[in-house]
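Subject: Structure handover

Hello,

Please find the structure below, followed by notes on what was found in it.

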Amino acid sequence: MKILYFDIAAMMILAVIMISLIFRKMLSGRANRFYAVLLIHIIITTIVDFWAESYGVWIPATESNMQPRLVGCYLYFFLRNLTTPLYHLFICAVTDTWHILKKSKSLKAMLIIPYAIICMTLFSNLFTHRVFYFDENLVYHRGAILYVLYAASFFYLICGVIYLIRYKKMLTSDKFVALMLMYPLNVLAIIIQLFWSQFLVEMFMTSLTMLLVALVIQRPEQIINPVLGVRSYISYTMDMKQAFSIQKPVRIIFAKLVNYEALSSILEYDNCMQLLRSIASDLALSYKAANLPMDLYYVENGLFALVTENEQSQQVQDIAKNISEKMTAEKQIKHLQVEPESCVCIIRCPQDIDNYETLLTFGNTFHTYLPHGKIVNDMAEEKDRRMFQLRGEIDSIISDAVANQRFMMYYQPIYSTKEKRFLSAEALIRLKDEKYGFISPELFITAAEKNGMILQIGDFVLDEVCGFLARCEKDGLPMEYIELNLSMNQCMQANLKEKVLYYMNKYDLRPDQINLEITETAANKEQDIVAENIRELSKEGINFSLDDYGTGYSNLSRIMELPFHIIKLDKSLADRVNDSRIKVLIKNTIQMLQEIGMEIVVEGVETEETLQQFLEMGCDYIQGFYYSKPLPEQEFVKYVWENEG
């Protein structure tokens, strides 16, 4: 008599796994979906096995119910032999080698042909009864060609083991063992049931392997972010490392909440998580509405990544545009009105980025140099790819520029409103690379400050400017002084005074011929060394300008402590001078600063109208494109001579 309790135990185990799967929300992602499909298939197969084997045990075996019994037997064989191919598809999903299966005709054939043979063999049994049959006493018997089914199963077993070993590097050791155990356990079950047919252990053993897979592989704490309900940072790093390892082509949409840090400091933790959940929901709806399979990850610090194997670039771009619009939309978080700022970028791997480390770096930095707002940056486009490549090579470009003197100095004339002529200029450094041409100072100076080469660049500027002043004096060019910028790193050098005096003495310059510019941000830093350097150089007769005044919250008491001679109003104030309220603020600021002995330079003057407004306010100096853009040395000298007097 058949022992059905093994099937009952199997159904209980499988039901627990399914309930756990639903409650743990483990239904998103290809591997999870295939596991769910495989689990449902095994549950149905177990139920059919229980139904077919109940005849003669719990259900009387009679001629009248022979037909449903036969249906149950055939259905069980079809379903049971389909389990292994489905399990192989699950392995492809877990090892992330789905793209290999799709492209390989031989792998597809190895999956389909054995099962096709199984189906034809079972259909032939309708006429030959050589797979299985029932005698006149309604007793079940195995037929001679039943072993064709066993041979096909053995073939699947060999292929599965080889495939797992082939892509073992895609799995941790515990996952490899858990997936591999399906084969020996099922072989053992087949052997037991072959020689002791009363023990229906096949589905019981299968349920145990599914339980093992659920415990070892389907682990939500590794895969799912518990707060946002999307795939986690750990899952992202594992999946991306795996994708590069097997050269799987993917498209990634990075969606960065640019002002995440500012919002997280304003919002409480729960409100911040609510905002991220809202964004995650919007992102999920964007690709689901387009019916495009994607994996959504929350990486960290307001960064989401959507990964797809789909090669339809236009569809991916449409989703990215939709994401950009939704991320920048104003959101109501409890009583607060939140205005997110986003940066969205599409990349292709391995075409745009061909290694895992560069991908991680790109994800952390792309928002610092790509446009924000509703613009979608696509690395397939030349300008975006050029910027990314440039960012990746900027350190070596700077090193090469320092070693081979690829930097050059430009000078922007500054007009004296009292003398009615050009008496000074601001020195501005430029970098022209052989491959990329002119590189933005914002880019290479920021990079140089990070990699420490800004000090070498600063020495180059001091040397070049002092040399230029010496040439001006020799040629009689009426330049009273040149302004040059000091970076924060230079301001904090212990030997700054010695360096400046060295270059001045080298070219026999007077102290009043150099005017050092320090940004408002640097001036407001509370490092004693900055203030000490300014005071020491001031004692030597060198004047200082405060640059970018008006870009931050001006610490007037801090500014008054330092010996500034000139205050430079930032271009942002010139751009807004037509605003009546801003104009009043600028006018009063100029008057206040002049009353305490400061001279005023306004930067960024580009039109006649703007010029006249600042002349009426009594500014001492005007700088901007209205007069001239920054010029190379020879062009600058020519320009000043032509406009002398």
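Contact here means heavy atoms within 4.5 Å. The structure is a predicted model, in which local features need pLDDT of at least 70 and side-chain atom pairs count only at pLDDT 80 or more, while totals for chains, interfaces and linings use all residues. Residues are numbered from 1 along each chain as its sequence is written, and side-chain values use heavy atoms, with hydrogens and water left out.

Nonpolar cores

Leaving out residues up to four places away in sequence, Phe 614 touches Leu 569, Leu 573, Ala 574, Val 577, Ile 586, Ile 590, Val 602, Val 605, Cys 619 and Ile 622. Phe 614 belongs to the largest nonpolar core, which has 78 residues; Val 465, Leu 569 and Phe 614 are the members that touch the most others. A nonpolar core is a set of buried Ala, Val, Leu, Ile, Met, Phe, Trp, Tyr and Cys residues joined through side-chain atoms within 4.5 Å. Buried means under 20% relative accessible area, exposed means over 50%, and partly exposed lies in between (1.4 Å probe, protein chains only). Helix H18 (residues 454-475) gives this core its largest share, ten residues. Helices (H or I, at least four residues) and strands (E, at least two) are DSSP runs, numbered from the N terminus. Another core lies apart from the largest one and has 68 residues, including Tyr 35, Tyr 74, Ala 93 and Phe 176. In soluble globular proteins, nonpolar side chains tend to be buried together.

Cysteines

The whole structure was searched for disulfides (pairs of cysteine sulfur atoms within 2.5 Å), and zero were found. For Cys 92, the nearest cysteine sulfur is that of Cys 159, 11 Å away. Cys 92 is buried, at 5% relative accessibility. For Cys 119, the nearest cysteine sulfur belongs to Cys 73 and is 16 Å away; Cys 119 is buried too, at 16%.

Lys 331 is in strand S6 (residues 331-333). Its relative accessible area is 7%, so Lys 331 counts as buried. A polar atom of the Lys 331 side chain lies 2.9 Å from the backbone oxygen of Lys 326. Among the residues that Lys 331 touches are Leu 275, Asp 282 and Pro 340.

Tyr 55 sits in the loop between helix H2 (30-54) and helix H3 (66-94). Tyr 55 counts as buried because its relative accessible area is 9%. Beyond its neighbours within four places in sequence, Tyr 55 is in contact with Pro 60, Ala 61, Asn 65, Pro 68 and Arg 69. Its side chain makes a polar contact with that of Trp 51, at 3.3 Å. A polar contact is a pair of N or O atoms within 3.5 Å; within protein, one must be able to donate a hydrogen and the other to accept it, and residues adjacent in sequence count only if both atoms are side-chain atoms.

Backbone points

The peptide bond from Cys 349 to Pro 350 is cis, with omega near 10°. Pro 350 lies in the loop between strand S8 (342-349) and helix H15 (356-365).

Gln 405 is not a glycine, yet has a positive phi of about 55°. Gln 405 is in the loop between helix H16 (382-404) and strand S10 (407-416), and is exposed at 64% relative accessibility.

Regards
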